[in-house]
Amino acid sequence: MDQAVYVVTDNIAAAGGASECALAGRGEAAGRQTEEWSAAKRWNPFNSYKLVAHVERWKHIRRGRPLPPPALVTVDPANVCNFNCVWCNAEYIRQHRNASLSEKTLLDLADFLPVWGRGRFSGHFGVGAICVAGGGEPLLNKATAAFVDKVVAGGIDVGMVTNGSLIYDCMDALSQCTWIGVSVDAGSAAVFNSLKGFGRDSGMFDKVINNMALLTDYARSRHARLGLPHPAYGVSYKFLLHKDNIGEIFAAARLAKEIGCKNIHFRPAGTPWDKMGTDDEIVFSRDDIALFQEQIALARELDCENFSVYGVTHKFSGQFEKSNDFCACHALFMTAVIAPPSGQDKDAFTLGLCCDRRGDAKLELLADSADVREIESAWGGPKHWRMHDSINIAAECPRCTYQPHNQIYEQVILNDSMTYKFI
Ligand code: SF4
């Protein structure tokens, strides 16, 4: 009888007893030793094992059967941006769409999302959270604050990823969010300016840092959700790793702590889907990885009761390359991206299925729909399943943000590798 081998590691694919397909690339991933967080902080928002909490919902992913709404929906209010980051994974959609969701559409969505699926599934399979992001800078859309107000009033938790430049005008709406992730990606003005397309004297770094400090104070002084003394709520200093900013990890962590952020979150930049196989692929050298390990060890010394350092690497190989170790894309049934239209109807929207392939028409379930109720009729229908069947992961997909979703679906639900009912 074969004996299963269990490797203690944060990589979900590393548990023995799984299918051969899902374990492709395991050796490289299992060999990585860098800790992503301190042992005391293992119950944190970046720990992908939280996905296991959704297996009862995802057990309903069956062809020809009603499909529960996603637990989390991403809404991109704008495909425009006032920054120009060197690694921008939304460059394609910014160039080809360059549009925003109208106020009418955002408010229609705010009415629809809290009731999506009601009547077909029990309430706990509804949409629980919205990530307001881009595809661009969400706060460039003047209706984003009203959208946040309305969905929060509808009982949905909201998080937002922003470049931080426009926070000041939306303090009240932002303070109602569970978290605000500000993509700073640097620890100094010089590196910030060079990576984000600004001139030396732009002053933008100081503006962003000041906005973050003001937001933390505002939320705390008003006892708003964002300012609660909760380890996982609050302002997060986001730091996308790139060969030219790795040396600033420690400086950024120190600054994040000083201005009242709850955490700093490091993650390697990845090659966008439209740049795969081109000279613009993002790669990291061995020296880059060694510097990352040195800097993250220094940064981790700042970790304390009120401030956390997260170096999230479990979705990547040891060389920060893609690690799409699963057989098929099931995540297309677990999340959705509602984004601006491609055509001229200003009240239309697009329903995409993957945040890593924004703008790829192959993964747009609805293109230029003007009725939010169409989301419910298209979701889980024949076109949705055809899209699932047609994905060629190896050839078409960049590093998959939803790698843990796919692995958990295959290992926990399809293979029952954890015998999860035996608790
Ligand atoms: S990157 Fe590919 S595998 Fe991952 S969710 Fe998107 S379409 Fe699916």
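In which hand, left or right, does α9 pass α10?

Reply: The model is a predicted one. In it, α9 passes α10 in a right-handed crossing.

Start with the geometry of this pair. The axes of α9 and α10 come within 8 Å and cross at roughly 25°. Angles under 35 degrees count as roughly parallel, and α9 and α10 are therefore roughly parallel to each other.

Next, the residues that meet. On the side of α9 they are I249, F250 and A253, and on the side of α10 they are F292, Q295, I296, L298 and A299. Sorted by class, the residues in this contact of α9 with α10 are seven nonpolar, one polar and no charged.

Now take α9 by itself. The helix covers residues 249–258, and its buried residues are I249, A252, A253, L255, A256 and K257. Just after α9 comes G260, with a positive phi of about 90°.

One is the loop between α8 and β5, where H223 lies. Phi of H223 is near 55°, which is a positive value in a residue other than glycine. H223 has 10 other C-beta atoms within 10 Å, so it is exposed. The other loop runs between β6 and α10 and holds T278. T278 counts as exposed because it has 9 C-beta neighbours inside 10 Å. From T278 to N406 the C-alpha separation is 27 Å, and the two are 128 residues apart in sequence.

Helix α4 (residues 103–112) and helix α5 (residues 144–153) have axes that come within 9 Å and cross at roughly 15°. That angle makes α4 roughly parallel to α5. The crossing of α4 and α5 is right-handed. α4 contributes E103, L106, L107 and A110 to the contact, and α5 contributes A146, F147, K150 and V151. By class, this contact of α4 with α5 has six nonpolar, no polar and two charged residues.

A146 is found in helix α5, and it touches E103 and L107 when residues up to four places away in sequence are not counted. A146 has 16 other C-beta atoms within 10 Å, so it is partly exposed. Along the chain A146 and G126 are 20 residues apart, and their C-alpha atoms are separated by 22 Å.

The loop between β2 (129–132) and α5 contains G135. A cis peptide bond joins G134 and G135, with omega about 5°.

The next stop is helix α14, where L414 lies. With 16 C-beta neighbours inside 10 Å, L414 counts as partly exposed. L414 is 273 residues from N141 in sequence, and the C-alpha atoms of the two are 41 Å apart in space. In the segment after α14 (403–414) is D416. Phi of D416 is near 50°, a positive value in a residue other than glycine. D416 has 12 C-beta neighbours inside 10 Å and therefore counts as exposed.

The residues around the ligand are C329, A331, L332, C354, D356, R357, I391, I393, C397, C400 and Y402. By class, this shell has nine nonpolar, no polar and two charged residues.

To return to the part you asked about: α9 and α10 cross in a right-handed way, and their contact has seven nonpolar residues, one polar and no charged.

Notes
Residues numbered from 1 in each chain as written. Predicted model: local features only at pLDDT ≥ 70, side-chain atom pairs only at ≥ 80, totals over all residues. Buried ≥ 20, exposed ≤ 12 C-beta atoms within 10 Å, placed from the backbone. Helix = DSSP H or I, 4+ residues; strand = E, 2+ residues; numbered from the N terminus. Near = placed C-beta within 6 Å. Nonpolar A, V, L, I, M, F, W, Y, C, P; charged D, E, K, R; others polar. Axes fitted to C-alpha atoms, helices over the stretch in contact; angles between N-to-C directions. Parallel < 35°, antiparallel > 145°, perpendicular 65-115°, else oblique. Left-handed = near helix turned anticlockwise from the far one by under 90°. Contact = placed C-beta atoms within 7 Å.
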